[in-house]
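Keep the sequence and the 3D view side by side while reading.

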Amino acid sequence: MNYQTYAPRDLVFTERATQKSTSWTYDITPEYIFDEQFRTYFRFAHGVLPGGYTNTGNVLVPATSTGTLSLPLAATGARPASLRVNQIYVLNPEKIDSYELGLKSNFFDRRLSIDLTGFYYDYKNLVVNVPTQIDPLPNNATVLFRNAGAAEIKGVELRFNSVPFPGFQLSGSAGILDSEYTRDFGQTATILGARTPRTSKYTASLIASYTHGLPGGGSLTYGVDGNWRSRYYFYPTIASQITSPDPLLNQKAFALLNAHVGWSVNDEDTLSFDLSVNNLTDKLYKNHALPVTSGYSAQLYGKPRSILASVTARF
């Protein structure tokens, strides 16, 4: 059970919000083993993310708005035409029904494993960042978290892991993902048919590492990994994605490459040193962006090239 009451004291709010919800989460995963090489499974899960609250910040609203009639009058005894207040919006719990069907296999004495998974996610009350009109004042909008209705996400993913020869490990994955909003949230800018934020249609990754022993004990490990993803969007409207694509609100396809080298001092691995370089090519890419408001758009970029050194001792 989730029970929350939002009653701020220090700021002027036009509403008092209370939210109460009760829900169950569950997971059912039957599995069938054909033989030592092949097995299949089906998974159904129901999940809930508790709701909460969001507010407009200090904005201008008409003095006739809900909740403002009880506010104090001005020093002159007259009620002003408008007031600067905060409005509260209740976020209902997000709910998801997840369906997954998979096949797992291994070959060559388990030196190669291949997994294939198909999945379908049915979301309700998905929370997104959207511009929201604040009461009837013209052009008085702000970006808020809102429940966006419903969305469907479905796709297929292929994964493999292999050991072609002793010390060398190679693994990777490839996926296709289709996502779209299936129910609107009542705003002018429609989201029906738009992709959900930060979901690429195509993804791929590859990881390779090699470990070899050293004279006198210990080992060296070298590794590289990379991942690629196609274009994704930050704002869930047909206009910003399809009709009039906004370059500020999407990230085109890109790849990231990382590398590391590790030294284990002895065979017991009681002392080891590791040096890693993330985003080896110093790729510039966006993780998030907001629509332009008051002439500005907030842009959040991913981490640049970074070097990390670590020492691990085990006792």
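**A tour of the strands**

Asp122 stands opposite Glu152 in β14. This is a predicted model, in which local features need pLDDT of at least 70, side-chain atom pairs count only at pLDDT 80 or more, and totals for chains, interfaces and linings use all residues. Residues are numbered from 1 along each chain as its sequence is written, and side-chain values use heavy atoms, with hydrogens and water left out.

Start with the overall make-up. The protein chain has one helix and 24 strands. Helices (H or I, at least four residues) and strands (E, at least two) are DSSP runs, numbered from the N terminus. The chain has 315 residues, and 34% of them count as buried. Buried means under 20% relative accessible area, exposed means over 50%, and partly exposed lies in between (1.4 Å probe, protein chains only). Among contacts with a separation of 6 or more, 61% join residues 24 or more positions apart. A contact means heavy atoms within 4.5 Å. The protein chain exposes about 18,700 Å², and carbon and sulfur atoms supply 59% of that area. Accessible areas come from the Shrake-Rupley method with a 1.4 Å probe; for residues, only the protein chains shown count as cover.

Now return to the strands around the opening pair. β11 and β14 pair in the antiparallel sense over 13 bridges. Two strands pair if DSSP finds at least two bridges between them. β11 also has a partner in β10. Strand β10 (residues 94-107) and β11 pair in the antiparallel sense over 13 bridges. Leu103 stands opposite Leu116 in β11. The hairpin of β10 and β11 has four residues between the strands, and Phe108 takes a positive phi near 55° there.

Gly102 lies in strand β10. Is Gly102 buried or exposed? Gly102 counts as buried, because its relative accessibility is 4%. Leaving aside residues up to four places away in sequence, Gly102 touches Arg39, Thr40, Tyr41, Leu116 and Thr117. The C-alpha atoms of Gly102 and Gly118 are separated by 6.3 Å, while the two residues are 16 residues apart along the chain.

Which residues make the nonpolar surface patch of about 630 Å²? Tyr32, Phe34, Leu103, Ile114, Leu116, Val156 and Leu158 make it. Patches are made of residues with over 30% relative accessible area and no salt bridge; like charges are joined within 9 Å, and nonpolar side chains (Val, Leu, Ile, Met, Phe, Trp, Tyr) within 5 Å. A salt bridge is a side-chain nitrogen of Lys or Arg within 4 Å of a carboxyl oxygen of Asp or Glu. β11 (112-124) and β14 (150-165) each supply at least two residues of the nonpolar patch. Val156 belongs to strand β14. Val156 counts as partly exposed because its relative accessibility is 44%.

Move on along the chain. β15 and β16 pair in the antiparallel sense over nine bridges. Gln169 has Ser209 in β16 as its bridge partner. Thr196 sits in the loop between β15 (168-183) and β16 (202-213). Why does Thr196 count as buried? Its relative accessibility is 3%, so Thr196 counts as buried. The side chains of Thr196 and Ser179 are joined by a polar contact of 3.1 Å. A polar contact is a pair of N or O atoms within 3.5 Å; within protein, one must be able to donate a hydrogen and the other to accept it, and residues adjacent in sequence count only if both atoms are side-chain atoms. Not counting residues up to four places away in sequence, Thr196 touches Leu126, Ala151, Ile153, Ser179, Tyr181 and Tyr233.

β16 pairs onward. β16 and strand β17 (residues 219-229) pair in the antiparallel sense over eleven bridges. The bridge partner of Ile207 in β17 is Asp225. Five residues lie between the strands in the hairpin of β16 and β17, where Gly216 takes a positive phi near 90°.

Finish with two loops. Asp269 is found in the loop between β20 (254-264) and β21 (271-278). Phi of Asp269 is near 60°, a positive value in a residue other than glycine. Asp269 is partly exposed, with a relative accessible area of 28%. Asn279 is found in the loop between β21 and β22 (286-289). Asn279 also has a positive phi, near 55°, and is a residue other than glycine. Asn279 is buried, with a relative accessible area of 4%.
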